[in-house]
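Walk me through this structure, please.

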Amino acid sequence: NAGAAESAPFGRSDAALFQRMMDVNFMGVVHATQAVLPAMIERRRGRIVAVASTAGLKGYAYVSAYSAAKHAVIGLVRSLALETAKSGITVNAVCPGFTETDLLDGSIDNIIKKTGRSREQAIAELSKHNPQGRLVAPSEVADAVLWLCGEGAGAVVPVDEVRTPVGREGVEVTVTVEVHQGHRLGVGDAEGLTAVAVRPRDGVEQPDLVRRHAGSAHVDVEV
């Protein structure tokens, strides 16, 4: 799907800016999905993968319109995945961080223009938001999409997330649970629990901290 990004303080983000972000980033996904879904339903097989963003999972300053549109994509994907799960169709989204694309080049140029920083400094400023401490390569995003389109991902639907503050003040942990066979896990129900990851808000992933016990998903976290 197509993507576009514009940055501005919320106070200077008019209705036209919000509309542009929604038209490209959200309605682009809607239109593409509406074009391909009927044939997928007819043959009872298909893969839909939307390219969203980490901005669809959390907020970033000065891109409220862009972030709102990407949050809309995530909501659409989660809803449509449940609607089509029993039809042999999977609907997922990939949420890359800052990625080496022409779109990002525009953001880098904007930072240079507004702050007087060098290109290297601008890239470093954006890279610090990625857990890897570097920009994501487009090929890495493509690999994730290819996997979601493959036979091995036939039972993968969007995750449920349980967010809870634990440990030291300001640390938020997300428990990510893959739901298989089209069944959505209820709170405390561990049937079908296959994979988990615990991510503090600073982005450092701590896998395997969730265990199955007496039909419930329990969280053991050390922070």
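**Strands, crossover and ring pairs**

In strand 2, Thr90 is the bridge partner of Arg47. The model is a predicted one. Strand 1 and strand 2 run parallel, and six bridges join them. To get from strand 1 to strand 2, the chain passes through helix 2. This β-α-β crossover is right-handed.

How is strand 2 placed relative to the rest of the structure? Five of its six residues are buried, so strand 2 is largely enclosed by the rest of the structure.

Now the rings. The structure holds two aromatic pairs. One of them joins Phe10 and Phe18: the ring centres are 6.1 Å apart and the planes stand at 80°, so this pair is edge-to-face. Is Phe10 buried or exposed? Phe10 counts as exposed, because its relative accessibility is 60%. Phe18 has 24% relative accessibility and therefore counts as partly exposed.

Tyr60 and Phe98 also pair. Their ring centres lie 5.7 Å apart with the planes at 65°, so this pair is edge-to-face too. Where do the two residues sit? Tyr60 is in the loop between strand 1 (46-51) and helix 2 (64-84). Phe98 is in the loop between strand 2 (89-94) and helix 3 (102-115). The pair therefore ties together parts that are 38 residues apart in sequence. Tyr60 has a relative accessible area of 17%. That is under the 20% cut-off, so Tyr60 is buried.

Conventions:
Residues are numbered from 1 along each chain as its sequence is written. This is a predicted model: local features need pLDDT of at least 70, side-chain atom pairs count only at pLDDT 80 or more; totals for chains, interfaces and linings use all residues. Side-chain values use heavy atoms; hydrogens and water are left out. Rings of Phe, Tyr and Trp (its six-membered ring) pair if their centres lie within 6.5 Å; planes under 30 degrees apart count as stacked, over 60 as edge-to-face and the rest as tilted. Buried means under 20% relative accessible area, exposed over 50%, partly exposed in between (1.4 Å probe, protein chains only). Helices (H or I, at least four residues) and strands (E, at least two) are DSSP runs, numbered from the N terminus. Two strands pair if DSSP finds at least two bridges between them. A crossover is right-handed if, with the strands pointing away from the viewer, the path from the first strand over the helix to the second runs clockwise.
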